[in-house]
Amino acid sequence: MQADDARYLKRKYKGGSLDVHPTEKALVVQYEVEATILRETGDPMLGERKECQKIIRLKSLNSNTDIASLARKVVEECRLISPSRLPEVEQLLFYLQNRKKSAEKKEKKQIKPRDLTPFEGIELDEEANINSIDDYVELLYEDIPEKIRGATLILHLARNPDNLEELLQNETALGALARVLREDWKQSVDLATTIIYVFFCFSSFSQFHGLITHYKIGALCMSIIEHELKRYDLWQDELQKKKKADILSKEYEKALKKYHGLLTKQEQLLRVALYLLLNLSEDTRTELKMRNKNIVHLLVKTLDRDSEELLVLVVSFLKKLSIFLENKNDMAEIDTVEKLAKLVPCEHEDLLNVTLRLLLNLSFDTGLRSKMVQADLLPKLTSLLGDEAQRQIAMCILYHISMDDRFKSMFAYTDCIPQVMKMLFDCVEERIDAELISFCINLAANKRNAQIMCEGNGLKMLMKRALKLKDPLMMKMIRNISQHDGPSKNLFIDYVGDLAAQIGLKEEEEFVIECLGTLSNLTIPDLDWELVLKEYNLVPYLKDHLKPGSAEDDLILEVVIMIGTVSMDDSCAVMLAKSGIIPALIELLNAQQEDDEFVCQIVYVFYQMVFHQATRDVIIKETQAPAYLIDLMHDKNAEIRKVCDNTLDIIAEYDVEWGKKIQSEKFRWHNSQWLEMVENRQMDEAEPFMYGDDGEPFLQNGDILERPDLFYSADGIIPADGAISPEFFTDFQNGDLLGPQGFPSSEIKLFYSSEA
């Protein structure tokens, strides 16, 4: 619209929200522009409404600035802010003045279009004008230098977002740019970079992505990047050849200088092309197309470069891609972790931060965690715990590594444990950061790590803090320390009373569980458990919490484990038996028979109690515990079978009747298939070996168990599992299994051997 038509255009500004800039010392004013075209009569003909924002930068703002004066000046100079909002402006300025400097240091330098400054060698002696766009398009039909000039002028227009809408309407200009890029990108890096830069400006806004897709710029950028990476490999090969051939000549120095010049231009091209692809990858469908064209391999290959600006972009792109399983798997197939490990640590804070974030994403994969350890990242990440800006991310990666039992011991050979212990004790908050305490819990699961944690007053300070704050997570860490045999376990003797005192109190259940678990780990010979149970009146608590439904299953299980630990003491076992705990355990066993952990721990209590004469008699003569153990003897869980067998062996040794029942049951179990076959055999099947000389049946089904000589070898060797008929011993001693000369009869058919 011409200047003399301005009377027909009416603009109306409407102020909106007012806020501070997230990273800069600036105010952000949101406002709305309503433009209306009027007829000569003054009636509205066409209207459009647009939301805009204005950034008021306050470079002079510092700790000594007079906020009231500055606020008045801002309101006076910016007509978008109503004078009535002066108090609000003052408040925002006061916030900016006092915003922490640490936040300013941590602010991330995000790559914006304006950061992609024009590369060296392109200077313009004129200012680009949107009204001359047709002239610039004409230059695209000339030779390479004119094409570069025309593309550069269009680029200057495109860098102003206000011109993008108008450029979008100019299909001739965009079509010409796309055609020139497709045909001539190999002839000039400057030309290719400039044209891609134009489309990059469009890619910064999602609504223009369809335009870029229409001209297939994304696919072209992929081809250009792949080609340039191959050129880079060729340059390096040629440079190495010249270095070997002309090591004493100036030719190598010339070649090296030329190489650096080419490298600078190429990296600018790669940067703008990759950034355009990164913007387009907002659409996951477009990202999938890139993945199919091997974008991950191209990005990982680019990690070999030295340009920090390019590396920030590449690693950011990889981080975005890594959240999808397929892309993560692509990264796992190549040496991604090894290349990233070279960037840790580095002086460029943004590059270090985004690299750590990518490693964190990758550390969820077990195989990639292993590669991180192999790439010697453990000591590098440990050293970053002292860097406040990177500490949190580094600790999260270390936490993931510590989840793997193979790598827990490696932390003992770094200064990681002293650092995290110091961080624990320096924490002034009641609740420690979840990442820190979780990391410590994992580390404490290793014996050597636990010993380092206990050095000095480590355990004392941990116990003091855990008991004071009733912190279940810190108590879980202490519990992990207590599970290791050796010097560290003996240190807990001083704290048995403190831990036992928590059991009877009405503390948080989660905290009590950890205290019980810690006490249960203290299998120390010198510890007088009887005195502890009496002093803190724990027997009623333990008995009451064995009732199904009396508490959460986790707490009941810890009570059972605790009973198993104290039952190692003879006097404690008697005390518990007299209190009626054994029937309570059997009742609990019935209620929790589907839970293998419960079953195993209850059977272990029985195992401990049959060691002692007093409790052994109670279990054997007054309860049905042996019968339950016989039923569990063939449980599908190997641990349960093992504990049952050991317990039943002891019972069989001390009680003849139960011994026969146990032996008979083992015999039946091991020969069940053969017994079933014989019992089901029809008597009318005339098998020669089933009848005597007189035609009468040699054996009746009911006589099977009366003839153990049919099932055993004559060696007299008792199998380790004890699966022998009780009557076998008597028969063997009477010589029933021997031939005429006292040797084993060769006519005996063997249906069972100790190897079965």
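A disulfide is a pair of cysteine sulfur atoms within 2.5 Å. This is a predicted model, in which local features need pLDDT of at least 70 and side-chain atom pairs count only at pLDDT 80 or more, while totals for chains, interfaces and linings use all residues. Residues are numbered from 1 along each chain as its sequence is written, and side-chain values use heavy atoms, with hydrogens and water left out.

**View A. Cysteines without disulfides.** The structure holds zero disulfides. The sulfur of Cys644 has its closest cysteine sulfur in Cys600, 8.5 Å away, which is too far for a bond. Cys644 is buried (under 20% relative accessible area; exposed is over 50%, partly exposed in between; 1.4 Å probe, protein chains only), with a value of 0%. Cys221 is likewise buried, at 0%.

**View B. The aromatic pair of Phe411 and Phe439.** Rings of Phe, Tyr and Trp (its six-membered ring) pair if their centres lie within 6.5 Å; planes under 30 degrees apart count as stacked, over 60 as edge-to-face and the rest as tilted. The structure holds eight aromatic pairs. One of them, Phe411 with Phe439, is edge-to-face, at 5.6 Å centre to centre and 70 degrees between the planes. Phe411 is buried, with a relative accessible area of 0%, and Phe439 is buried with 0%.

**View C. A ring cluster.** Tyr197, Phe200 and Tyr275 are linked into a cluster by ring pairs.

**View D. Charges over rings.** A charge sits over a ring if NZ of Lys or CZ of Arg is within 6 Å of the ring centre and within 35 degrees of the ring normal. The charged end of Arg616 sits over the Tyr654 ring, 3.7 Å from its centre. That of Lys661 sits over the ring of Trp658, 4.5 Å from its centre.
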